[in-house]
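Colleague: I am new to this one. Please take me through some labels and tell me what stands behind each.

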Amino acid sequence: MSYKIPMGPFHPGLEEPYKLDMICNGETVQDVKLHVGFNFRGIEHLAETRNYIQVIALMERVCGICSNVHTFTLCRAMEELTGLTPPPRAQYIRVIVAELERLHSHILWAGVAAKLMGFKTMFMTSFEIREKIMEVLQAISGNRVNYAMNRIGGVNRDIEDPQAVLKMVEALELEMAHTVIPIFTTSSTAASRCAGVGVLTKEKAISCAVVGPVARASGLPQDTRRSAPYAAYGELEFDVPVQTGGDVRARLLVRALEIMESCKIIRQALTKLPPGEIHTPGERFVFTTGTAAKRIEGPRGEVLYSVSWKAGSKNPARIHVRTPTFAIMPSVRWMMQGARLADAPLIQASIDPCYSCTDR
Amino acid sequence: MTDTTTQLESISEKLGITEPWVETGGAHWLAPGTKSVREITKVMNEVHARFITITAFQLPAGEGFRLDYHWDLDGQLLGVSFQLAANSLESIFDICEAADWIEREVHEGFGTEFVGREYEPLELRQGDTSGVNLREVKQ
């Protein structure tokens, strides 16, 4: 006999409000219906009421974890419409902040996943490291969550002492290489809790058009930093980790390996940081009428901003945001089918969902 | 001839569209002409382009709506625009699973009818009409 178990929208197993209606047969999940929308704030509509300065601060608040991703993509789109090109130093600083944000997001996720695995020590360790990453971000931007780094034509703050930041990053890299990475890649606790759980096949990953670490854990080598390089990514060397298992363990491995790749990117960017301005000189720019669509690879995957403007207007005519969780979330249905009920929280967490981003 | 050009021309050829692709605003745009969104989606599936999203626009008074469909093809951002006079268009959900949630979102936000699919009832505004989130509401 099958029965329905609702989970959420407010539940200790969920980090943010959303709802799963699970049809179960005994302890086995047969099918799932996903309900989102509990965080809808009408941000796309609000954006049309904000000018080109205010809208950056607004869109930074789409997400409380990958806030920089949103301003980065928005500014790229607005730069396309104004014809401004950020100077090389700004492009490198954007990469450094984006990769620090990826580190902080992946480590936060590692902590959440560890907690759901029943691995509380790892949860505490991950959050301790995350604090240190946030300290690096604070040292650069003055802020821990909404960094306010991006502006049209560049960045707001310089990295005045790259060597000092490099030392902080190297210390972090060492700590992660000795704790998070070996535990997540070799520990039997992580392996036994995650292997074979919540499988998303490559075929289904293609069909659902999933993005980011979830796609890469299902054998799809897609990464916007590599396929459509932006900012300074084209000048930096890094690998795109890909796993073929498609399960929670593969997602864990991809993110663990990406942490090391992000450290590699940050180290290169800080070493190569070119001299010069951090934003285009002068304050005058003009928006042309049209639509610009720009993407970047956020911690959870590809983010797309479609920005429309009418010449002469201070406000955007329309901003549409396609966030990675919006693309990934429907695939949770396929990951859950056949899974144990007790694994449901871990499976939904394995996509590193952000419902604030999804609902906007 | 670059790989990108070859790939884009191959799409045009399969669709029988002679108008060239136009690169603007960070994407390559194709004017669909008389081709339907379903015909274009089928060709995008054939060339293994990855569906990204649909962006809906409400055009100035009386001009209806515009839907911009986006795909990724080996890192190239592709766009196809459809202008809707009656605010309805064929659904591509059955041939492009990834379009499910965005079709539903556009339906709820703009009241656009994607013909050939059903929608679940609104979760938070049950019984309310769709199309009031982003559409300009005249008082």
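Colleague: Why is B:Glu97 called partly exposed?

Modeller: Its relative accessible area is 23%. Buried means under 20%, exposed over 50%, and partly exposed lies in between (1.4 Å probe, protein chains only). So B:Glu97, at 23%, is partly exposed. This is a predicted model: local features need pLDDT of at least 70, side-chain atom pairs count only at pLDDT 80 or more, and totals for chains, interfaces and linings use all residues. Side-chain values use heavy atoms, without hydrogens and water.

Colleague: What makes B:Glu97 and A:Lys204 a salt bridge?

Modeller: The term asks for a side-chain nitrogen of Lys or Arg within 4 Å of a carboxyl oxygen of Asp or Glu. Here N to O is 3.2 Å, so the pair qualifies. A:Lys204 is partly exposed too, at 23%.

Colleague: How do you know that this pair joins two chains?

Modeller: B:Glu97 lies in the loop between strand 6 (88-90) and helix 3 (100-110) of chain B, while A:Lys204 is in helix 9 (residues 202-208) of chain A, so two chains are joined. Helices (H or I, at least four residues) and strands (E, at least two) are DSSP runs, numbered from the N terminus.

Colleague: Which side chain meets A:Glu261 in a salt bridge?

Modeller: A:Lys264 does, at 3.2 Å, N to O. Both lie in helix 12 (residues 248-272) of chain A, 3 residues apart, about one turn of the helix. A:Glu261 is buried at 12%, whereas A:Lys264 is partly exposed at 27%.

Colleague: Why do A:Arg295 and A:Glu302 count as buried?

Modeller: A:Arg295 has 7% relative accessibility. A:Glu302 has 1%. Both values are under 20%, so both residues are buried. Their side chains meet in a salt bridge of 2.9 Å, N to O.

Colleague: How many salt bridges does the structure hold?

Modeller: Over all chains, 35.

Colleague: What makes a space a cavity?

Modeller: On a 1 Å grid over the protein atoms alone, a cavity is a set of points where a 1.4 Å probe fits but cannot get out; lining residues have an atom within 4 Å of a point. The whole structure has 3 cavities of 30 Å³ or more.

Colleague: Which residues line the largest cavity?

Modeller: Both chains contribute, with A:Arg322, A:Phe326, B:Phe51 and B:Trp101 among them.

Terms used: Residues are numbered from 1 along each chain as its sequence is written. Chains are lettered from A and ligands numbered from 1 in the order in which they are written. On a 1 Å grid over the protein atoms alone, a cavity is a set of points where a 1.4 Å probe fits but cannot get out, and a pocket is an open set with protein on both sides within 12 Å along at least five of seven lines; lining residues have an atom within 4 Å of a point. Grid points are joined across faces, edges and corners, and a volume is the space filled by probe spheres set on the points.
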